[in-house]
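Okay, thanks for coming, everyone. Let me put the structure up, and then we'll walk through a few spots.

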Amino acid sequence: MRPLRNPVIQGVLAWLLARWMRFCFATIRWTHSNEGLAEKIWADGGGVVCAFWHSRLALAPACWPLDRAQPAKALISLSPDGQFLARAVARLGFPAIRGSSANKDKADRAKGGSQALRDGLKQLRIGALGVTPDGPRGPARRMAEGLPLLAKVSGAPVLFIGLSCSPAIRLQSWDRAVLPLPFGKGAIVWDSAVYPEGADLADVALDWTERLTAVEAAADSITGLARV
């Protein structure tokens with residue numbers, strides 16, 4: 001049995017990861033760029049889609065101040081690894097919606113896409129939904145149509161969030177995931193958009209891929225984290 005399939009081991013590791021993330025976030029020296037875009041959305045309230053690439057999932061809770069931003073949930077896959085991450089981020093104040101928005105054409109498969117879409121739209125009536133548009137299996141930094149579809153149907157604005165820290169641990173995963181280390185430099189860079197009226201989903205996905213990659217690259221430039 002893989003360790004993450006054991007609920008007891010999974011629970012312990014999720015608790016440890018949450019504690020580690022909280023410690024790192026508190027000791028990292030953060031730089032914020034274009035945060036005014038997020039501040040306006042926080043002040044306005046209501047639904048907002050928060051997008052960041054899958055490799056920066058472990059940094060994502062650092063960008064959302066629970067004391068002044070909308071309540072947020074994270075869209076996380078139904079895989080055992082996803083369950084582990086869901087338990088960790090829930091301990092940091094971000095309950096999970098389980099499923100995947102990666103491809104609207106696979107919504108009826110066992111990964112729970114159809115239910116995830118419904119639950120995500122319900123969340124977007126009241127608050128924020130965190131989405132990794134290249135997850136759960138990639139290719140890395142390639143956006144499928146699930147995120148644009150959520151924005152189109154909900155009418156909610158989208159925040160593109162570039163997250164970085166250095167030094168950091170790079171996992172040998174498909175996305176080369178970044179895990180924070182304490183007492184380093186961190187950066188959060190923001191951009192925003194709304195779904196263009198009448199636009200094609202595929203065209204929007206290509207444009208938004210470039211914009212999300214750009215804010216991540218800008219964050220890496222601030223911290224000095226090497227691009228891979």
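So, ring pairs to begin with: rings of Phe, Tyr and Trp (the six-membered ring for Trp) pair if their centres lie within 6.5 Å, and planes under 30 degrees apart count as stacked, over 60 as edge-to-face, the rest as tilted. Searching the whole structure turns up seven aromatic pairs. One of them is Trp42 with Trp190, an edge-to-face pair at 5.8 Å centre to centre and 85° between the planes. Trp42 sits in helix H2 (residues 35-44) and Trp190 in strand S7 (residues 178-193), so this pair ties together parts 148 residues apart in sequence. Helices (H or I, at least four residues) and strands (E, at least two) are DSSP runs, numbered from the N terminus.

One caveat: this is a predicted model, where local features need pLDDT of at least 70 and side-chain atom pairs 80 or more, while totals for chains, interfaces and linings use all residues. Numbering starts from 1 along each chain as its sequence is written, and side-chain values use heavy atoms, with hydrogens and water left out.

Are those two tryptophans buried or exposed? Trp42 is buried at 6% relative accessible area, and Trp190 is buried at 1%. Buried means under 20%, exposed over 50%, partly exposed in between, with a 1.4 Å probe and protein chains only.

Ring pairs also link Trp20, Phe23 and Phe183 into a cluster.

Back on S7, there's Val178, buried too, with a relative accessible area of 1%. Setting aside neighbours within four places in sequence, Val178 has contacts (heavy atoms within 4.5 Å) that include Ser55, Leu59, Cys165 and Leu225. The C-alpha atoms of Val178 and Cys165 are 8.3 Å apart.
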